[in-house]
Amino acid sequence: MREFITMTEAAKRAGVSLVTLRKIVRERGIVLYRNPRDAREKLVDAVDVDVAMKPTPIESSEAQSKKVAA
């Protein structure tokens, strides 16, 4: 079952500020939902936040130098 949490809860869960979370939501295309109990409040799926905060691999400097040489 999906768990919807507020933006404030999501920021705490991710360990970032609310401003940073808004930037992540915008850049990664995370869907926002309107809270049915309070239309002013936005919700996100907790799984989407968790996925967005997973580390992503960075290419090694060796792989980058091969691209430049090619």
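Asn35 is found in the loop between E2 and E3. Helices (H or I, at least four residues) and strands (E, at least two) are DSSP runs, numbered from the N terminus. The model is predicted: local features need pLDDT of at least 70, side-chain atom pairs count only at pLDDT 80 or more, and totals for chains, interfaces and linings use all residues. Residues are numbered from 1 along each chain as its sequence is written, and side-chain values use heavy atoms, with hydrogens and water left out.

Asn35 is buried, at a relative accessible area of 8%. Buried means under 20% relative accessible area, exposed over 50%, and partly exposed in between (1.4 Å probe, protein chains only). A polar atom of the Asn35 side chain lies 2.9 Å from the backbone nitrogen of Arg37. Polar contacts are pairs of N or O atoms within 3.5 Å; within protein, one must be able to donate a hydrogen and the other to accept it, and residues adjacent in sequence count only if both atoms are side-chain atoms. Not counting residues up to four places away in sequence, Asn35 touches Glu41 and Leu43. Contact here means heavy atoms within 4.5 Å.

The protein chain holds four helices and three strands. Along the sequence the pattern is β-α-α-β-β-α-α. Of the 70 residues, 24% count as buried. Among contacts between residues at least 6 apart in sequence, 50% join residues at least 24 apart.

The three strands form an open sheet in the order E1-E3-E2, with antiparallel pairing. Strand E1 (4-6) and strand E2 (33-34) are the edge strands, each pairing on one side only. Two strands pair if DSSP finds at least two bridges between them. E1 and E3 pair in the antiparallel sense over three bridges. E2 and strand E3 (residues 42-45) pair in the antiparallel sense over two bridges. Leu43 of E3 is the bridge partner of Thr6. Leu43 is also the bridge partner of Tyr33. Arg34 stands opposite Lys42 in E3.

The structure holds one aromatic pair. The rings of Phe4 and Tyr33 have their centres 4.8 Å apart and their planes at 70°, so the pair is edge-to-face. Phe4 lies in strand E1 and Tyr33 in strand E2, so the pair ties together parts that are 29 residues apart in sequence. Rings of Phe, Tyr and Trp (its six-membered ring) pair if their centres lie within 6.5 Å; planes under 30 degrees apart count as stacked, over 60 as edge-to-face and the rest as tilted. Phe4 counts as partly exposed, at 37% relative accessibility. Tyr33 is likewise partly exposed, at 28%.

Helix H1 (residues 7-14) lies across E1 and E3 and runs at about 95° to E1. Axes are lines fitted to C-alpha atoms, for helices over the stretch in contact, and angles run from 0 to 180 degrees between N-to-C directions. The buried residues of H1 are Met7, Ala10, Ala11 and Ala14. They cover an arc of only 100° around the axis, which puts them on the same side of H1. The arc is that of the directions from the helix axis to the C-beta atoms. These buried residues pack against E1, helix H2 (18-28), E3 and helix H3 (46-52). Gly15 follows H1, with a positive phi near 75°.

In H2, the buried residues are Leu21, Ile24 and Val25. Seen down the axis of H2, they fall within an arc of 100°, so they line one face of the helix. H1 and H3 are among the elements that cover them. The face of H2 turned away from its buried side carries the exposed residues Val19, Arg26 and Glu27. Just after H2, Gly29 takes a positive phi of about 70°.

Arg28 also belongs to helix H2. Not counting residues up to four places away in sequence, Arg28 touches Ala52 and Met53. A polar atom of the Arg28 side chain lies 2.2 Å from the backbone oxygen of Ala52. Arg28 and Asp48 are 20 residues apart in sequence and, C-alpha to C-alpha, 9.6 Å apart in space.
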